[in-house]
Amino acid sequence: MVSVTIKDLTKQYGTCVAVKDLNLEIKDGEFFVFLGPSGCGKSTTLLCIAGLVKPDKGEVWLGNELVTSPERDIYMTPQKREVAMVFQDYALYPHMTVFKNVAFPLEVRGEDKGEIMERVKATAELLGISQLLDRKPGQLSGGQRQRVALARAMVRKPKVFLLDEPLANLDAKLRVKTRIELKKLQQKLGVTTIYVTHDQVEAMTMADRIMVQKDGVTEQIGTPDELYNHPSNLFVAGFIGSPEMNFIDCTLIEEGNRLWLDAKEFKIPVPAKIVPELKSYIGEDLTMGIRPEDLYERESVKGITQKNALRMTADIIEPVGPYLLLHLSKGRCPLVARVKETTARIGQEVDIEMDLSKIHMFDKKTTEAII
Ligand SMILES: Nc1ncnc2c1ncn2[C@@H]1O[C@H](COP(=O)(O)OP(=O)(O)O)[C@@H](O)[C@H]1O
Ligand SMILES: [Mg+2]
């Protein structure tokens, strides 16, 4: 098991920059997730680490070993890297039994028969597929096939696991179940794991740390908690969290000796705590962000110290299991609030409180977070 270090990695396909100047340090034993919309460069980054794609420049280190460096003409083959990769389409050999499929990488390496038997059995046990060893892939469910693919990757005892959307082909319920199993397994094995997904819920629930990518560029690297509570720009703020953060365009103004966020439809007093950070933006256009769970119906507000009532119209009330989503509007400003219960009626007005200690502020021009 090793750490993975990437320095200034760039990969271009023609004019398309798939990965640009990527710098990253993944710790030994970490569960690290690459998260971003389709086409943002997640798979390309993973393939560069696996040695299946040659970058144009930059370095890949596995532990203390430099395995890729176009500048220094270093390029270790994928086999020698001792990394295991699992893709979305697991590509099991259809004519081989599960046992043969799992044993295959060991047979290729010419391992001893007894050793192979032992390792396959132990790995099958770990993944709960012992009873399937005599079946062929065609006789397995999607979830079982996926576990066989994981077993085949694991049986080699790789230094690093590279998983590219491995759960994407499973139905929703099985995906949640397998997600939890995979996380448990990774904790047990302690193998450094890089997991690619476009699904922010998957990333948030599984990762020790996440890298959010967009158009080949790293937007932010952090723990799930850091990304959720301290997104460094509008993209990350909008990508993480469901339903997504509310964004309100506003101008910072000074009036009656205090600062206000003027959103046209309403004005919000700037909490004293963030005045120092915002002061230099007087007269500028900003974007305020607030998550749906930080909005409350006035009736139910308890223990919020800095609040500000907004009288809004309830457009839609959407029940989602333990919560209700209130789709609200004031003039042309829409907001979504996540509440446990409501007195609101569709088409009628309701008083909404904003927890001002939870607001996020972004520079509208640069989209970077200010606080
Ligand atoms: N072999 C290739 N040839 C040309 N363009 C590619 C190739 N692989 C990926 N790309 C392009 O590089 C960008 C990043 O792709 P990819 O890494 O697969 O994204 P992701 O895995 O995040 O969906 C995309 O614009 C994609 O079209
Ligand atoms: Mg991909």
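Start with valine 33. Its relative accessible area is 0%, so valine 33 is buried. Buried means under 20% relative accessible area, exposed means over 50%, and partly exposed is in between, with a 1.4 Å probe and protein chains only. Valine 33 sits in strand S3, residues 31-35. What does valine 33 touch, leaving aside neighbours within four places in sequence? The contacts are Tyr195, Thr197, Ala203, Ala207, Arg209, Ile210 and Met211. Contact here means heavy atoms within 4.5 Å. Threonine 192 is 159 residues away from valine 33 in sequence, and 11 Å away in space, C-alpha to C-alpha.

Some ground rules. This is a predicted model, where local features need pLDDT of at least 70 and side-chain atom pairs count only at pLDDT 80 or more, while totals for chains, interfaces and linings use all residues. Residues are numbered from 1 along each chain as its sequence is written, chains are lettered from A and ligands numbered from 1 in the order in which they are written, and side-chain values use heavy atoms, with hydrogens and water left out.

Now the whole chain. We have 10 helices and 21 strands. Those are DSSP runs, numbered from the N terminus: helices are H or I with at least four residues, strands are E with at least two. The C-alpha atoms fill a box of roughly 80 × 50 × 35 Å along the principal axes. Of the 371 residues, 49% count as buried. Take the contacts with a separation of 6 or more: 65% of them are between residues 24 or more positions apart.

Next, a sheet. Five strands form an open sheet in the order S16-S20-S17-S18-S19, with antiparallel pairing. Two strands pair if DSSP finds at least two bridges between them. Strand S16 (295-297) and strand S19 (333-339) are the edges, each pairing on one side only. Inside the sheet, S17 (residues 309-320) and S18 (residues 323-330) pair over 7 bridges, in the antiparallel sense. One detail: isoleucine 316 has histidine 327 in S18 as its bridge partner.

On to helix H3, residues 98-108. Its buried residues are Val98, Phe99, Asn101, Val102, Ala103, Pro105 and Leu106. What covers them? The cover includes helix H4 (113-127) and helix H5 (142-154). Just after H3, glycine 110 takes a positive phi of about 70°.

Back to a strand residue. Is serine 69 buried or exposed? Serine 69 has 1% relative accessibility, so it counts as buried. Serine 69 lies in strand S5, residues 65-69. Beyond four places in sequence, serine 69 contacts Gly58, Glu59 and Ile74.

Finally, the backbone. Most residues other than glycine have a negative phi, and most peptide bonds are trans. Here are some exceptions. Aspartate 8 is not a glycine, yet has a positive phi of about 50°. Aspartate 8 lies in strand S1, residues 4-13. With a relative accessible area of 39%, aspartate 8 is partly exposed. Aspartate 215 also has a positive phi, near 50°. Aspartate 215 is in the loop between strand S10 (209-214) and strand S11 (217-222). At 57% relative accessible area, aspartate 215 is exposed. And the cis peptide bond? That joins serine 242 and proline 243, with omega about -5°. Proline 243 is in the loop between helix H9 (234-239) and strand S12 (246-255).
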